[in-house]
Amino acid sequence: MNNVNFLKPNKENLNLYLVLGALFFTLGIVDFCLNNFYKTNITGFLPGFISFFTPLIFGLIGLHLIRIEFSGIKLLDELNKNINTNNFNAALSVSIIILIIFGVAPLLNWFILDATFVGDSKEACTGGGACWVYIKTWFNRFMYGMYPNAEQWRVNATFIIVLGLMAAGYFFPLRYKKYLTFYYVIFLPIISFLLIYYLISGGEFGLEWVETGAWGGLSLTFIVSFFSLIFCFPIGMMLALGRRSDLAVVKYSSLSFIEFWRGVPLITVLFMSAVMFPMFLPDGTYVDKLIRVIVAITLFEAAYTAEVIRGGLQALPRGQYDAAKSLGMGYWRLHLLVILPQALKLVIPGIANTFLALVKDTPLIFVVGLLELVGMLNLAKTNPKWLGFSMEGYVFAGIIFWIICYSMSKYSQKLELKFKTDR
Amino acid sequence: MKFKKILPQFLTLLFIVLIFGFFTMNAQENMDTRGIQFGFGFLKQEASFDIQFSLIDYDGSRSYARAYLVGLLNTLLVSVIGIILSTILGVIIGVARLSPNYLINKTASFYVEFFRNVPLLLQIFFWYFAALRALPMPEDAPLIFGSSYMTIKGLYTIAPVWNNFDVFFGALIIAMIIIFFFNKFAKRKQEEEGKQYPKFLISLGIFIIIPALTFIVGGVDLSWSFPELKQLAKTSFTFEGGLGIPPELIALTLALTLYTATFIAENVRAGIQGIGKGQKEAAASIGLTPSQVLKLVVMPQALRIIIPPTTNQYLNLTKNSSLAAAIAYPDLVLVFAGTAMMQTGRAIEIVGITMATYLTISLSISAFMNWYNKRIAIQEK
């Protein structure tokens with residue numbers, strides 16, 4: 001045992017420092033847990049103020065003791081490099097660990113340990129945790145809205161067919177690849193519309209007619225997002241090209257269109273489609289609520305898409321235009337074959353963000369009385385048999401939306417990498 | 001060649017004129033059949049509805065124009081609070097995401113990934129209907145920090161009571177003007193003679209001393225009013241005095257802040273990462289201290305990257321504040337496009353005014369930002 005200096009831990013007494021450090025650190029965590037979850041204060045003999053900070057102090061001492069450079073133990077070196085470079089960093093690390101324990105434990109309790117999973121009525125929920133029975137009972141409503149239970153296979157069938165058609169593009173043989181754009185931009189929307197019109201809406205071929213007011217839940221979220229996504233992209237592209245046009249009328253009309261939609265909140269646009277739009281139509285004509293909503297969201301998001309695409313167009317060097325022109329290409333050939341393929345590649349993250357914003361904006365359609373997932377939650381919450389479970393509902397919807405949006409953003413990152421070309 | 005340029009323009013114009021013509025004609029006809037006259041005269045009529053939360057004097061006997069103003073101010077209030085808080089939180093999270101500390105880094109990215117991928121409306125509902133509803137009733141609420149109560153009816157906290165507030169406010173403005181000129185003077189001195197003043201300390205001193213003087217000579221007086229529990233009926237309690245912040249405002253601010261901060265954090269991170277390593281190394285090699293490197297080299301350049309997208313986020317926050325209508329916070333949309341429209345039935349005028357208001361706010365902020373961007377842009381040769 002040669003000189004042990006606790007202020008400057010070194011490699012010579014490695015094991016002593018490690019044991020002491022681990023001991024102090026564990027002591028800090030144990031103290032915190034006992035304090036928080038079992039209401040026993042093992043450091044109660046200290047004055048209140050110090051006793052409050054003991055977990056932090058113990059943790060800090062522990063981390064200080066194991067901060068040994070080039071210890072030769074790989075794990076320890078990694079640990080020191082990542083969370084324990086100096087005292088300040090160590091303090092932050094300890095606070096975060098404590099915070100995580102503080103937050104995760106009750107959450108875990110609420111989510112799983114104290115939660116009720118079995119049963120079919122409110123009375124089954126006696127524990128202090130979440131009542132997932134509520135979600136189970138209302139699951140059909142959250143997915144399909146007021147769509148009649150017996151007819152829900154129609155919604156499922158439509159979604160499966162559309163998903164299949166979307167995936168089919170992926171397996172196109174190579175020689176038909178050039179028709180892929182046509183397939184996605186024109187063929188798929190038409191087929192999906194026909195499917196939704198005849199299968200979900202019904203009224204023909206012996207299928208019962210279901211009015212759009214009864215559609216709802218997550219399936220409505222998908223329908224609205226799907227059509228808005230498909231339509232807002234080409235419109236946005238036209239607007240972006242229009243804004244960069246040499247023709248004054250085209251340029252300024254695109255510009256004012258874009259600035260108008262970008263300047264107003266979506267909720268007022270939906271208000272407009274609900275109360276103002278009918279005034280602008282000839283007396284007696286009626287456009288379905290759902291179509292009005294889809295048109296409103298499409299135009300709104302198209303303006304944002306246009307600005308994103310414009311960014312990509314501006315980022316291309318002039319030489320690309322000049323080179324294409326010198327080959328004798330006209331306006332459309334130049335843009336479709338040379339400029340847009342490169343520009344769109346550049347703006348994948350921006351477009352993905354716009355699409356994500358669109359999906360996250362769909363709950364707003366409650367303004368016109370259409371109830372998608374969030375709207376259905378608010379309706380279920382007021383049901384006198386099931387009062388007091390709003391938390392479970394919102395957490396459930398939050399998780400679903402999170403999965404959708406997170407996977408979309410991950411997918412866009414993958415696409416971005418795939419299409420990345422060096423210049 | 002010329003024909004090729006004129007034809008598309010002509011077609012666009014024709015298309016626009018036709019659509020607008022069709023819409024106005026129908027609107028005219030529809031209004032005629034319903035006997036509505038287009039006009040803004042209704043703004044002067046008595047509104048005869050109450051608004052729960054208002055920054056200016058308002059009651060049902062005031063005009064629709066006044067109700068509009070109340071709504072507008074409430075929208076601006078929540079936007080300004082949201083912008084300030086989300087900037088602070090966003091900068092902290094953005095810097096945390098760059099931290100070499102694994103735990104901090106991961107916690108920050110978890111926060112960003114979580115809150116940006118859940119719809120804002122859902123977050124507002126969550127805070128308002130689920131989280132804030134779990135708070136205690138006024139009579140059971142514990143005292144926090146010796147001054148405030150968090151209850152199901154909102155946050156009650158201390159409020160300042162000023163005497164001669166205008167004198168104090170004037171002093172603040174004078175102090176700011178003096179600081180502005182002092183900084184100009186100090187900068188000139190430094191450029192001409194190389195002499196440095198402790199700018200920040202002197203500015204802070206001016207900022208504290210001049211307003212503080214008004215307490216002695218200006219007759220300014222400040223006291224605090226505390227919220228006190230008061231019994232209305234046998235089981236109904238409320239707080240009197242102090243400052244009451246309604247739960248709608250708290251939920252809306254919380255959701256807007258947490259949501260927008262994720263985007264600002266990403267902007268901050270991208271901005272700081274956008275500065276080349278060479279810049280920092282060059283600055284260090286001429287002998288600047290780490291804090292000077294940050295202040296004089298990294299931040300001025302990073303801000304150029306950060307500010308434009310962050311302004312966009314501020315605009316988004318302002319527009320998103322219109323979601324207030326969903327939890328009945330009396331903002332512009334709820335008061336004007338909601339209640340006022342139901343009462344008057346003037347859809348075209350009211351939706352038009354509401355949209356024009358948001359459009360004005362957006363366009364003026366983006367005009368200001370364009371000007372600012374031009375000013376700070378690098379002058380390349």
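## Where chain A meets chain B

In this predicted model, 44 residues of chain A are in contact with 47 residues of chain B; contact here means that the C-beta atoms of two residues, placed from the backbone, lie within 7 Å. On the chain A side, the elements that each give two or more residues are α3 (74-83), α4 (87-113), α9 (248-263), α10 (266-276), α15 (373-381) and α16 (390-418). Of these, α16(A) gives the most, with 10 residues. Helices (H or I, at least four residues) and strands (E, at least two) are DSSP runs, numbered from the N terminus.

Ala, Val, Leu, Ile, Met, Phe, Trp, Tyr, Cys and Pro count as nonpolar, Asp, Glu, Lys and Arg as charged, and the others, Gly among them, as polar.

## Numbering and confidence

Residues are numbered from 1 along each chain as its sequence is written, while chains are lettered from A and ligands numbered from 1 in the order in which they are written. As the model is predicted, local features need pLDDT of at least 70 and side-chain atom pairs count only at pLDDT 80 or more, whereas totals for chains, interfaces and linings use all residues.

The model scores ipTM 0.85 and pTM 0.86. For chain B, the mean pLDDT (the predictor's confidence in each residue, from 0 to 100) is 83, and 98% of its residues reach 70 or more.

## Domains and a helix pair in chain A

Chain A is assigned domain 1 (14-113) and domain 2 (132-147 + 210-418), with bounds that come from an automatic or database domain assignment. The C-alpha centres of these two domains of chain A lie 47 Å apart.

Helix α5 (residues 132-144) of chain A packs with helix α8 (residues 217-243) of chain A at an angle of about 20°, their axes 2 Å apart. Axes are lines fitted to C-alpha atoms, for helices over the stretch in contact, and angles run from 0 to 180 degrees between N-to-C directions. Arg141(A), Phe142(A), Met143(A) and Tyr144(A) of α5(A) meet Gly217(A), Leu218(A) and Ser219(A) of α8(A). The residues of this contact divide into 4 nonpolar, 2 polar and 1 charged.

## Strands of chain B

Chain B has an open sheet of 4 strands in the order β1-β2-β3-β8, with antiparallel pairing; two strands pair if DSSP finds at least two bridges between them. β1 (143-144) and β8 (243-245) of chain B stand at the edges, each with a single partner strand, so one side of each has no neighbour in the sheet. Within the sheet, 3 bridges join β2 (residues 148-151) of chain B to β3(B), and a hairpin links β2(B) to β3(B) through 2 residues. Tyr149(B) stands opposite Tyr156(B) in β3(B), and Tyr156(B) stands opposite Gly244(B) in β8(B). Leu155(B) has Ile245(B) as its bridge partner in β8(B).

Another antiparallel pair is formed by β6 (residues 228-231) and β7 (residues 237-240) of chain B, over 4 bridges. A hairpin of 5 residues joins β6(B) to β7(B), and the bridge partner of Leu229(B) in β7(B) is Phe239(B).
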